[in-house]
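Take a walk through this predicted model.

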Amino acid sequence: MEPPIPPLLFALLLLLGMLLMLEIGRRFGVRRRQKESEGERGGLGTVEGAVFALFGLMVAFTFSGAATRFNEKRMLVAEEVNCIGTAYLRVHLLSHQAQPAIQELFRRYVDSRLETYRKLPNMPAAEIEMANSKKIREKVWNAAEAATRLPDSHPSSGLLLLPAINNMIDISTTRSMALQIHPPRIIYSLLFGLGLICSLLAGFRMSSGQHRSWLHILGFTVLTVIIVYVMLDVEYPRAGLIRLESADQLLVNLREGME
């Protein structure tokens, strides 16, 4: 699934917004600095700490969820390879006359699965390839079911092969669903808004200094933006710099082993 906004664009907008809010907060703080008492400053510090803590918790939980889903996607690739490989091996239980045609269908199916994920994050193109994979799966099932009834097929071929093909079909559905599982978009809107609010509060607090501390300004904004960018890239691993090619290599190796 494509991200609601490209991670790089989101990070750039967040960086510009945070820098702007830091400057606005600093200028507003300069005007209020002389009117603010020591007691008011202590109370404001408590509020600022609570807002920054909330922002940190949201980033932490969202990052943790993205990393978990990334690992799940990698494991699903391995699970699909195991399911396809098991079903392909059990084709040898069928009649020798039926094996070549069914094995060729398996090779076409693996090619289609690889092509599906190569086309991501272009979901319309990927969905077209998914439909092609579904048609091939149906041909595999029909051909295997018919072949299990042939007299020279192993007596237990139906009991062993058909459940393996069913598992192969199930895992493809699971992987398709995994593409759709992401946090609600409101979460990213809240992260963006909290980042701006924290920048406003930080700028207000920095107004007590005579000069702008660019080390603190850039350190705070750049680190925050990098973390949010990496989080989005991990959440949508086929849309940015972080990819799943290393996991997809398992499918490539399986396809080469079918020759």
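How do the residues of the lining of the largest cavity divide into nonpolar, polar and charged? Eleven are nonpolar, one is polar and four are charged. The lining has 16 residues in total. Lying nearest the cavity centre are Lys73, Leu120, Leu179, Pro237 and Arg238. Two elements give two or more residues to this lining: helix H2 (38-90) and helix H5 (157-178). The volume of this cavity is about 160 Å³. With a threshold of 30 Å³ or more, the count is one cavity. The idea behind such a search is simple. Rolling a probe the size of a water molecule over the atoms shows where empty space is left.

Now look at the aromatic rings. The model holds four aromatic pairs. One of them joins Phe10 and Phe192. Phe10 sits in helix H1 (residues 7-32), and Phe192 sits in helix H6 (residues 185-206). The pair therefore ties together parts that are 182 residues apart in sequence. Phe192 reaches 24%, so Phe192 counts as partly exposed.

Another pair is made by Phe52 and Phe220. Here the centres are 6.0 Å apart and the planes are at 55°. This geometry is classed as tilted. Phe52 belongs to helix H2, while Phe220 belongs to helix H7 (residues 214-235). So this pair links parts that are 168 residues apart in sequence. Phe52 is partly exposed, with a relative accessible area of 29%. Phe220 is partly exposed too, at 23%.

Rings can also face a charge. Arg175 lies over the face of Tyr117, at 3.9 Å from the ring centre.

Next, stay with helix H7, where Thr224 is found. Which residues is Thr224 in contact with, leaving aside its neighbours within four places in sequence? They are Met18 and Phe55. The relative accessible area of Thr224 is 11%. That value is under the 20% limit, so Thr224 is buried.

Return to helix H2 for Glu48. This residue is buried, with a relative accessible area of 11%. Set aside residues up to four places away in sequence, and Glu48 touches Leu201, Phe204 and Arg205. The side chain type is worth a second look here: Glu counts as charged, yet Glu48 is buried.

End in helix H8 (residues 245-257), which holds Leu254. Is Leu254 buried or exposed? Leu254 counts as buried, at 17% relative accessibility. Beyond residues up to four places away in sequence, Leu254 touches Val81, Ile84, Gly85 and Val110. Met168 gives a distance to check in the viewer. Its C-alpha atom and that of Leu254 are separated by 14 Å. Along the chain, Leu254 and Met168 are 86 residues apart.

Terms used
Residues are numbered from 1 along each chain as its sequence is written. This is a predicted model: local features need pLDDT of at least 70, side-chain atom pairs count only at pLDDT 80 or more; totals for chains, interfaces and linings use all residues. Side-chain values use heavy atoms; hydrogens and water are left out. On a 1 Å grid over the protein atoms alone, a cavity is a set of points where a 1.4 Å probe fits but cannot get out, and a pocket is an open set with protein on both sides within 12 Å along at least five of seven lines; lining residues have an atom within 4 Å of a point. Grid points are joined across faces, edges and corners, and a volume is the space filled by probe spheres set on the points. Helices (H or I, at least four residues) and strands (E, at least two) are DSSP runs, numbered from the N terminus. Rings of Phe, Tyr and Trp (its six-membered ring) pair if their centres lie within 6.5 Å; planes under 30 degrees apart count as stacked, over 60 as edge-to-face and the rest as tilted. Buried means under 20% relative accessible area, exposed over 50%, partly exposed in between (1.4 Å probe, protein chains only). A charge sits over a ring if NZ of Lys or CZ of Arg is within 6 Å of the ring centre and within 35 degrees of the ring normal. Contact means heavy atoms within 4.5 Å.
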